[in-house]
Amino acid sequence: RTKRIIAVFELAIVIALIAWALCPRSIDQALGIDREAVTQVHVTLTGQEETREFTLNPDDPAYGELMALLEEQTYIPLYLDKDNRSVILDYEGNLTFYQGEAAYGMTFSGDKPIWFVGSGMRDRSFRTSGGEAFQQEILDFLLAQSGNSPS
């Protein structure tokens, strides 16, 4: 009887760990940031023929709009090999969120996963319910913010 209780308890722990590992997260949880401490976001959009770069600060209205777009989705962990992704959008987007000395990155290319990496953390991949359409929406917004001059 005691062995059964222990087995049921162990099974409950395993189920709880799996549920936690697959639980949807907010953008702040996925990135591992404290948004109140973010000092700037550096944006790099890399296309086949050009790269566009610019920085958004928290007091910039575009920063608030970007965060609102990112907050519209929940981020569900994926456990994929980073080498299996492909670029589907016209640009690969890289957002680097600076928080003091720490930097937290988000990379998207239209493929299923969005990749996150933080200071001292390993790469993690997430998918969103919006998929490629959501990533295209973020790219369109960022291209509009970048102006027409490639760097």
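Start by selecting strands β3 and β7, which pair in the antiparallel sense over four bridges; two strands count as paired if DSSP finds at least two bridges between them, and strands (E, at least two residues) and helices (H or I, at least four residues) are DSSP runs numbered from the N terminus. The model is a predicted one, in which local features need pLDDT of at least 70 and side-chain atom pairs count only at pLDDT 80 or more, while totals for chains, interfaces and linings use all residues. Residues are numbered from 1 along each chain as its sequence is written, and side-chain values use heavy atoms, with hydrogens and water left out.

Within this strand pair, show proline 77, which stands opposite phenylalanine 126 in β7. Then widen the selection to the whole open sheet of seven strands, whose order is β2-β1-β4-β5-β6-β7-β3 with antiparallel pairing. At its edges stand β2 (51–56) and β3, each with a single partner strand, so one side of each is left without a neighbour in the sheet. Neighbouring strands of this sheet are turned by 25° against each other on average, direction ignored, the axes being lines fitted to C-alpha atoms and angles running from 0 to 180 degrees between N-to-C directions.

Next, select the aromatic rings of Tyr75, Phe116 and Phe126, which form one aromatic cluster. Rings of Phe, Tyr and Trp (its six-membered ring) pair if their centres lie within 6.5 Å, and planes under 30 degrees apart count as stacked, over 60 as edge-to-face and the rest as tilted. A search of the whole structure finds two aromatic pairs. Tyrosine 75 counts as buried because its relative accessibility is 0%, where buried means under 20% relative accessible area, exposed over 50% and partly exposed in between (1.4 Å probe, protein chains only).

Phenylalanine 116, at 1% relative accessibility, also counts as buried. Phenylalanine 116 and phenylalanine 126 form an edge-to-face aromatic pair as well, 5.1 Å centre to centre with 80° between the planes. This pair links distant parts of the chain, with phenylalanine 116 in strand β6 and phenylalanine 126 in strand β7 (residues 124–128), 10 residues apart.

Now turn to the charged side chains, where a search of the whole structure finds three salt bridges, each being a side-chain nitrogen of Lys or Arg within 4 Å of a carboxyl oxygen of Asp or Glu. Select Asp28, Arg35 and Glu71, which are linked in a network of salt bridges. Arginine 35 forms a salt bridge with aspartate 28, the closest N and O atoms being 2.9 Å apart, and the side chains of glutamate 71 and arginine 35 meet in another at 2.1 Å, N to O. The latter pair links distant parts of the chain, 36 residues apart, with glutamate 71 in helix α3 (residues 61–71) and arginine 35 in the loop between α2 (27–31) and β1 (40–47). Arginine 35 is partly exposed, with a relative accessible area of 22%, and glutamate 71 counts as partly exposed at 40% relative accessibility.

As a last stop, select arginine 52 and glutamate 50, whose side chains meet in a salt bridge at 3.0 Å, N to O; both residues are buried.
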